[in-house]
Each structure stands twice: as structure tokens, then as C-alpha cells.
Amino acid sequence: MTTESTSQTQALGRRAPRPTPLGPVLQYGLNHLAPPLVILAGLLLLWELLCSGSNTALPPPSQVLSDTWELITDPFYNNGGNDVGMAWQILASLERVAYGYSLAVVAGVSLGVLVGQSTWAMRGLDPIFQVLRTVPPLAWLPISLAGFQDSSPSAIFVIFITSIWPIIINTSVGVRNIPEDYRNVARVLRLNGAEYFVRIMLPAAAPYIFSGLRIGVGLSWLAIVAAEMLIGGVGIGFFIWDAWNASLISDIVLALIYVGLVGFILDRIVAVFGQWISRGTSAA
């Protein structure tokens with residue numbers, strides 16, 4: 001083979017078309033969406049097979065879908081009183097969570113900063129926090145009902161007292177782990193308390209703080225569902241308990257699916273906000 005033909009062959013090889021890579025959307029779907037969807041389909045199929053018999057106590061997915069189709073397609077109906085759609089039930093629960101969790105964030109971050117900054121405060125408050133955080137959420141409900149004499153603020157208090165502990169603990173750990181060099185820079189720059197918190201403490205402790213906030217929002221959602229089963233009124237927890245009393249198992253299954261989805265969305269919202277605050281340094 002001559003030198004000229006060899007050069008032509010190499011040039012053709014360099015110009016040979018390469019396989020077109022998958023589009024970014026399709027690639028993301030295959031890597032992130034396909035695995036959970038495949039597993040979910042397998043679990044639904046297994047559920048259908050196990051619960052399709054005549055003697056099974058739980059309905060299969062096909063029956064759940066047919067029994068709850070009106071609840072799914074009309075989530076905003078309102079017939080007065082407690083007879084409202086699933087969307088209103090969830091929104092009522094989210095409103096209570098918003099109040100209780102917001103109070104827990106303010107108090108938890110403040111107390112966490114105090115415990116993390118002051119050795120005396122840590123020695124005095126940490127044992128108390130460790131004891132109180134082990135009390136189950138529903139154990140606080142009778143005390144809150146006796147104190148507030150009303151179901152709505154009692155539920156908000158249960159959310160607050162349940163979600164505040166991981167926020168305090170994680171915030172205090174994050175503040176204590178701030179490098180000493182950062183503190184020295186703050187002293188050199190003569191930053192006041194607010195400037196130190198915004199420019200030094202918050203960015204440095206953000207991964208710890210938002211880890212506590214993520215745990216706290218999950219506990220908030222768990223607490224309100226449990227509390228609403230006892231206090232009544234409009235809310236997803238009371239909806240589940242009312243469906244149980246009426247033997248509407250399919251309604252309970254649908255409500256549990258919604259509870260899980262809302263809890264997942266709340267967790268992701270806090271995680272994304274934490275990543276934005278810490279500018280990508282958060283582990284969330």
C-alpha cells in the first residue's frame with residue numbers, strides 16, 4: 001500500500017461518524033427515573049398477585065384505584081364540615097406543619113447557636129434536651145390539650161416540640177465545628193454579632209443546620225398525621241382515622257401514598273434550599 005492510500009485511509013477513519021450519545025433528558029431518565037419505576041412496577045405487580053384472592057384483607061392496587069377514583073380526580077370538592085377533598089385535607093395539615101415547624105426553626109437554630117457558642121450553656125441545657133427529645137410525640141398531646149384547651153394550637157405545639165430537637169443538636173454541632181481560623185478572621189474584621197452570623201457562622205455550619213432541618217421537617221409531618229388522628233377536624237391524619245372507622249381500606253391506602261409523596265417533597269424543598277444557602281457545600 002502506497003503512502004498516499006494510507007493517508008487517505010487514515011483521513012477516512014478520522015471522518016467516520018461516531019455513535020450519537022443519548023440526549024441529556026433520556027440519559028437522566030435511564031439513570032435516575034428508570035430504576036425506581038421498574039422496582040415500583042415490580043412491587044405493584046407483587047401486591048396485585050398477593051391481594052387478588054377472595055380471602056385477602058387488603059385490596060389490590062386495581063381495586064384501590066377503582067375505589068378511590070373520585071377522590072383522585074376531584075381533590076378539591078367541598079361538601080361542608082369534614083367532608084372535603086384530599087387536597088383540602090393535606091393543605092390543612094400543611095398549614096399546621098408550617099406554623100409549628102417555623103417556630104421550631106427559629107427557636108431551634110437560636111438555641112443551637114447558644115449551646116454551640118457557650119460551654120456553660122451546653123453543660124446546662126444539653127442534658128435537659130437529651131431527656132426531653134426521647135419523649136414520644138403523642139405523649140405531649142394530653143399536656144398540650146390541657147394547657148391550650150384547643151385542638152389546633154395543641155397540634156402545632158406537638159409539631160414544634162417534636163421537630164425542635166434535631167435542629168438544636170445539629171446546629172450546636174455545626175457551630176462547635178467552625179474552624180478557629182474563621183473566628184480569628186471575624187475578630188480581625190471586628191464583625192458584630194449579626195455580621196458574624198451571616199458571613200461566618202451560617203455558611204460554615206449550614207451543612208449541619210440543614211441536616212437538622214431536614215430531619216425536623218420529616219418529624220413534623222409524622223407528628224401532625226399522628227396528632228390529627230386524635231384531635232379530629234380537617235386534616236390528612238383525621239381522614240385516615242375516619243376512613244378506618246368506616247372500613248374504607250382503599251381510602252387509607254391512597255392517603256398513605258399522598259402522605260409519603262408530600263413528606264418527600266417537603267424533604268427535597270429543605271434540601272434544595274440548604275444547597276442554595278451553603279452554595280453547594282451542604283451534604284443535603
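Guide: Leu-254 lies in helix H12, where helices (H or I, at least four residues) and strands (E, at least two) are DSSP runs numbered from the N terminus. This is a predicted model, in which local features need pLDDT of at least 70 and side-chain atom pairs count only at pLDDT 80 or more, while totals for chains, interfaces and linings use all residues. Residues are numbered from 1 along each chain as its sequence is written, and side-chain values use heavy atoms, with hydrogens and water left out.

With a relative accessible area of 6%, Leu-254 is buried; buried means under 20% relative accessible area, exposed over 50%, and partly exposed in between, for a 1.4 Å probe and protein chains only. Not counting residues up to four places away in sequence, Leu-254 touches Thr-68, Leu-71 and Ile-72, a contact being heavy atoms within 4.5 Å. Leu-71 is 183 residues from Leu-254 along the chain, yet their C-alpha atoms are separated by 8.8 Å.

Leu-254 also belongs to a pocket lining. The second largest pocket is lined by 14 residues, and Leu-44, Trp-47, Val-64, Leu-254 and Ile-257 lie nearest its centre. Pockets and cavities are found on a 1 Å grid over the protein atoms alone: a cavity is a set of points where a 1.4 Å probe fits but cannot get out, a pocket is an open set with protein on both sides within 12 Å along at least five of seven lines, and lining residues have an atom within 4 Å of a point. The space in this second largest pocket is about 300 Å³; grid points are joined across faces, edges and corners, and a volume is the space filled by probe spheres set on the points. H12 gives the most to this lining, with five residues, and helix H2 (24-50), helix H3 (61-67) and H12 each supply at least two. By class, the lining of the second largest pocket divides into 13 nonpolar residues, one polar and no charged. Here Ala, Val, Leu, Ile, Met, Phe, Trp, Tyr, Cys and Pro count as nonpolar, Asp, Glu, Lys and Arg as charged, and the others, Gly among them, as polar.

The largest pocket has a volume of about 350 Å³. It is lined by 17 residues, and those closest to its centre are Tyr-101, Val-105, Phe-210, Leu-213 and Phe-273. Helix H12 (249-277) again takes part: H12, helix H5 (86-117) and helix H10 (193-231) each supply at least two residues of the lining of the largest pocket. That lining has 16 nonpolar residues, one polar and no charged.

Leaving aside neighbours within four places in sequence, Ser-163 is in contact with Tyr-101, Ala-104, Gly-216 and Ser-220. Ser-163 is in helix H8 (residues 151-176) and counts as buried, at 0% relative accessibility. A polar atom of the Ser-163 side chain lies 2.8 Å from the backbone oxygen of Ile-159.

Charged pairs come next. The structure holds three salt bridges, each a side-chain nitrogen of Lys or Arg within 4 Å of a carboxyl oxygen of Asp or Glu. Asp-267 and Arg-214 form one of them, with their closest N and O atoms 2.7 Å apart. Because Asp-267 lies in H12 and Arg-214 in H10, the pair ties together parts that are 53 residues apart in sequence. Arg-268 is partly exposed, with a relative accessible area of 31%. Glu-228 and Arg-96 form another salt bridge, the closest N and O atoms being 2.5 Å apart. This pair joins helix H10, which holds Glu-228, to helix H5, which holds Arg-96, across 132 residues. Both Glu-228 and Arg-96 are buried.

Helix H11 (residues 236-245) has Ile-236, Gly-237, Phe-238, Phe-239, Ile-240 and Ala-243 buried. The buried residues of H11 pack against helix H4 (69-73), H5, H10 and H12. Just after H11, Ser-247 takes a positive phi of about 60°.

For the chain as a whole, the secondary structure comes to twelve helices and zero strands. Of the 284 residues, 35% count as buried. Among contacts between residues at least 6 apart in sequence, 65% join residues at least 24 apart.

How values were computed
Polar contact = N/O pair within 3.5 Å; in protein donor to acceptor, adjacent residues only side chain to side chain.
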